[in-house]
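User: Could you take a close look at one part of this model for me, the helix packing? I'd like to hear how the pieces sit against each other, and what lies beside them.

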Amino acid sequence: MRIGHGYDVHRLVEGRRLILGGVEVPYERGLLGHSDSDVLTHAVMDALLGAAGLPDIGVQFPDRDPAYENISSLTLLARVRDLLSARGYTVGNIDATLLCQRPKLRPYIDAMRANLARILGIPQSDVNVKATTEEGLGFTGEGLGIAAHAVVLLK
Ligand code: MG
């Protein structure tokens, strides 16, 4: 078994959709970045790649490559899945945490879990997603951005 950790941050700005775990969450702002800026899926991918001892998503999917502009991060997750399966790895479980002051994410969590589980070909019960505020503190608390942590176990 191998363990991996991923962490990502994106800035919240006007004029962008808010995509988390492949779910479009209604909100007046969205995450800024080259792809769809799905901070949750990015953290999950980096955890998976980290567990496999592979370079991170910045190396796999460079943000200067126009091929990845506004691409769905679930599409990138499928590529990470294929990299891992080619090396004989299967995903044991994932535990992820979103750090987000607003909007409230509880209504969307199960849809995020379902998306990640579907792409990875594992049961939804093996994909946990949690959301917490940081009590108004720091950049997530001030609503400047959203952060995500993920821990995965590969077998
Ligand atoms: Mg990112």
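Analyst: Happy to. The axes are lines fitted to C-alpha atoms, for helices over the stretch in contact, and the angles run from 0 to 180 degrees between N-to-C directions. Helices (H or I, at least four residues) and strands (E, at least two) are DSSP runs, numbered from the N terminus.

This is a predicted model, in which local features need pLDDT of at least 70 and side-chain atom pairs count only at pLDDT 80 or more, while totals for chains, interfaces and linings use all residues. Residues are numbered from 1 along each chain as its sequence is written, and side-chain values use heavy atoms, with hydrogens and water left out.

Let's start with H1 and H3. Their axes come within 10 Å and cross at roughly 10°, so H1 and H3 are roughly parallel to each other. On the H1 side, the contact (heavy atoms within 4.5 Å) is made by Thr41, His42, Val44, Met45, Leu48 and Leu49. H3 contributes Ser73, Leu74, Leu76, Leu77, Val80, Leu83 and Leu84. By class, this contact has ten nonpolar, three polar and no charged residues. Here Ala, Val, Leu, Ile, Met, Phe, Trp, Tyr, Cys and Pro count as nonpolar, Asp, Glu, Lys and Arg as charged, and the others, Gly among them, as polar.

Now for H4. Helix H1 (residues 39-51) and helix H4 (residues 109-120) have axes that come within 12 Å and cross at roughly 40°, which means that H1 is oblique to H4. Leu40, Thr41, Val44 and Leu48 of H1 meet Met112, Leu116 and Leu120 of H4.

Asp8 is buried, with a relative accessible area of 16%, and His10 is buried at 12%. Buried means under 20% relative accessible area, exposed over 50%, and partly exposed in between (1.4 Å probe, protein chains only).

Methods. Parallel < 35°, antiparallel > 145°, perpendicular 65-115°, else oblique.
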